[in-house]
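Please look over the sequence and the model before reading on.

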Amino acid sequence: AQYQGYAALALLCLWLILSTVMLVNLLIAMFSDTYRCIKDNQLIIWKYQRYKMLSQYRASFIPPPCTFLHHFLRGIVKLVKYLQRRAVEPRAEQGATYYWKDCMIRTFMQDARDEYLSLHETNQDNSEILNKLQSVEAHLKIMRRVGNRASSLYA
């Protein structure tokens, strides 16, 4: 009865030692598997890295010691393109809902105008044209209500 505490302590120490050995063995196995995968793909990785390096040198029209001029010019071109794109796109502070609403209304109005022109070119009855215009106005009212609800949610 007095040796029961020592038996539990001995089993605990044995368990800790065996589990540590098993975990270290598992870690070594994982490292060796990773090394094997890299070793199998080393040629592909080397070719890809070489391609990336050569494509960086081919991109500039100036020899490598003076490439800072090329990067400076590319930065100016990107800045001009960004400013042009920003002038066309709506401002960020308006929010995504306003941008979505404007795009939807613009698309709907273009479709309605195209339908109107197609009906007008075929010389159909004026009542059909009036019905189409009334449906366009009704849809616009609905879209404005949805846009107002969405903007009130994001406000």
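## Overall surface

The protein chain exposes about 13,900 Å², and carbon and sulfur atoms supply 64% of that area. The model is a predicted one. Of the 155 residues in the protein chain, buried residues make up 10%.

## Fold

Five helices and zero strands are found in the protein chain. Reading along the sequence gives the pattern α-α-α-α-α.

Contacts in the protein chain can be sorted by the separation of the two residues in sequence. Among those between residues at least 6 apart, 52% join residues at least 24 apart.

## Nonpolar patch

Leu9, Leu12, Trp15 and Leu16 make a nonpolar surface patch of about 450 Å². One of these residues, Leu9, lies in helix H1, which covers residues 4-40.

Why can Leu9 count as partly exposed? Its relative accessible area is 47%, and partly exposed residues fall between the buried limit, under 20%, and the exposed limit, over 50%. Patch residues need over 30% relative accessible area, so the 47% of Leu9 passes that cut-off as well.

## Largest pocket

How much space lies in the largest pocket? The volume is about 220 Å³.

The lining of the largest pocket consists of 14 residues. Those nearest its centre are Phe108, Ala112, Arg113, Lys132 and Val136. Two helices, H4 (96-121) and H5 (126-154), each supply at least two residues of this lining.

Technical notes: Residues numbered from 1 in each chain as written. Predicted model: local features only at pLDDT ≥ 70, side-chain atom pairs only at ≥ 80, totals over all residues. Heavy atoms only, no water. Patch = residues over 30% accessible without salt bridge, like charges linked within 9 Å, V, L, I, M, F, W, Y side chains within 5 Å. Areas by Shrake-Rupley, 256 points an atom, 1.4 Å probe, with all protein chains shown as cover. Salt bridge = Lys/Arg side-chain N within 4 Å of Asp/Glu carboxyl O. Helix = DSSP H or I, 4+ residues; strand = E, 2+ residues; numbered from the N terminus. Buried < 20%, exposed > 50% of the residue type's maximum accessible area, 1.4 Å probe, protein only. Contact = heavy atoms within 4.5 Å. 1 Å grid on protein atoms, 1.4 Å probe; cavity = no way out; pocket = protein on both sides within 12 Å on 5 of 7 lines; lining within 4 Å. Points joined across faces, edges and corners; volume = space filled by probe spheres on them.
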